[in-house]
Amino acid sequence: MAKPKRNEPCYCGSGLKYKKCHMRADQELERERREAVAAVRFLRQDLVDFAEDERFASAFAQALQQYWNGYYTLETADEMSEYEAQRFVDWFVFDYGLDEGAGGRNERLIETYRQERGDDLSSVQQEVIEQWLDAAPSDAYILTDYKGQTLHLQGFLSGDEVEVYEPAGRGNVDIGDVILARVLPVQDHLELSGGAAYLPQDEIADLREKLEAARATDAEAYPNATHDDFLRRHNHLLIHHALEQAERKGRPPVSRLAEA
Ligand SMILES: [Zn+2]
């Protein structure tokens, strides 16, 4: 909506000039919005830089093995495409457990980051980090509906429904296909984080059976595990499944939502 000029009547119908009415409040909102956008951009990059620190090198190597299941190794890691690298680092930062903690709850890089750098962050940046700490792990979602850049998704296992904003829209994904992604709060809406991938319907195959078998085994070791706890320990299986299906079809693994 176009804003009135300073001396024009305010849009709210108060009869006052804009500068005497809603102008200040609008400017403040706009400033907050810009700050939030800048905070998100800063944190995405700062988390990646943090993850590249030398002291996480052995965790990085283990995570690479766990995630790619041999498709990429430490020696070939620089052959990952930009999207593959983005997707992997997103998982490494948000989901990967750095070391064995009590009850199998391992500290994640984003938690280490908050502890070590949290005090140096601005209050807006801190708010974003707190939201991200609580964000759901990377998961599988069925595309149930879409309108432009708004995608309606349903958790493949959980059945939970979410509505996400994706700037590129649904790309190549059809209703019924499965999107592999993290749903991350960004300001007042949800976005797909870290280079989402998808599984065409005919590649879903035995994914449900595999996940349910893994969940049953996980529940024996961790009877009180939530869906999110389970996913943090096992969501690399989603990528392994996608790799396996791609290999069967003889194409490069893990399609992106939108091809460049
Ligand atoms: Zn007004």
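This is a predicted model: local features need pLDDT of at least 70, side-chain atom pairs count only at pLDDT 80 or more; totals for chains, interfaces and linings use all residues.
**The zinc site**

Let us start with the metal. Four side chains hold the zinc ion: Cys 10, Cys 12 and Cys 21 each through SG, and His 22 through ND1, at 2.0 to 2.4 Å. Along the chain, these donors are spaced as C-x1-C-x8-C-H. The angles that the four donor atoms subtend around the zinc ion run from 105 to 113°, so the arrangement is tetrahedral. For comparison, the ideal angle for four tetrahedral donors is 109.5 degrees.

**Aromatic pairs**

Next come the rings. The structure holds 16 aromatic pairs, and two of them are set out here.

| Pair | Centre to centre | Angle between planes | Geometry |
|---|---|---|---|
| Phe 50 and Tyr 113 | 5.2 Å | 80° | edge-to-face |
| Tyr 67 and Phe 88 | 5.4 Å | 65° | edge-to-face |

Phe 50 belongs to helix α1 and Tyr 113 to helix α4 (residues 109-117), so this pair links distant parts of the chain, 63 residues apart. Phe 50 and Tyr 113 are both buried.

The other pair brings in two further helices. Tyr 67 sits in helix α2 (residues 57-68) and Phe 88 in helix α3, so their contact ties together parts that are 21 residues apart in sequence. Here too, Tyr 67 and Phe 88 are buried. Both also take part in a single aromatic cluster, whose members are Phe 60, Tyr 67, Trp 68, Tyr 71, Tyr 72, Phe 88, Trp 91, Phe 92 and Tyr 96.

**The largest pocket**

Finally, have a look at the largest pocket, which has a volume of about 670 Å³. Its lining is made up of 28 residues, and those nearest the centre are Gln 86, Asp 90, Ser 193, Gly 194 and Gly 195.

Which elements supply at least two residues of this lining? They are α1 (23-51), α3 (82-94) and β5 (189-199). Helix α3 gives the largest share, with eight residues. Sorted by class, the lining of the largest pocket has 17 nonpolar residues, six charged and five polar.

Helix α3 thus turns up in two of these stories: Phe 88 of the Tyr 67 pair lies in α3, and α3 contributes eight residues to the lining of the largest pocket.

Note on methods:
Residues are numbered from 1 along each chain as its sequence is written. Side-chain values use heavy atoms; hydrogens and water are left out. On a 1 Å grid over the protein atoms alone, a cavity is a set of points where a 1.4 Å probe fits but cannot get out, and a pocket is an open set with protein on both sides within 12 Å along at least five of seven lines; lining residues have an atom within 4 Å of a point. Grid points are joined across faces, edges and corners, and a volume is the space filled by probe spheres set on the points. Helices (H or I, at least four residues) and strands (E, at least two) are DSSP runs, numbered from the N terminus. Ala, Val, Leu, Ile, Met, Phe, Trp, Tyr, Cys and Pro count as nonpolar, Asp, Glu, Lys and Arg as charged, and the others, Gly among them, as polar. Donors are N, O and S atoms within 2.8 Å of the metal (3.2 Å for Na, K and Ca); water is not among the atoms, so sites may look incomplete. Four donors count as tetrahedral if all angles lie between 85 and 135 degrees; four count as square planar and six as octahedral if opposite donors are over 155 degrees apart and all others between 65 and 115; anything else is irregular. Rings of Phe, Tyr and Trp (its six-membered ring) pair if their centres lie within 6.5 Å; planes under 30 degrees apart count as stacked, over 60 as edge-to-face and the rest as tilted. Buried means under 20% relative accessible area, exposed over 50%, partly exposed in between (1.4 Å probe, protein chains only).
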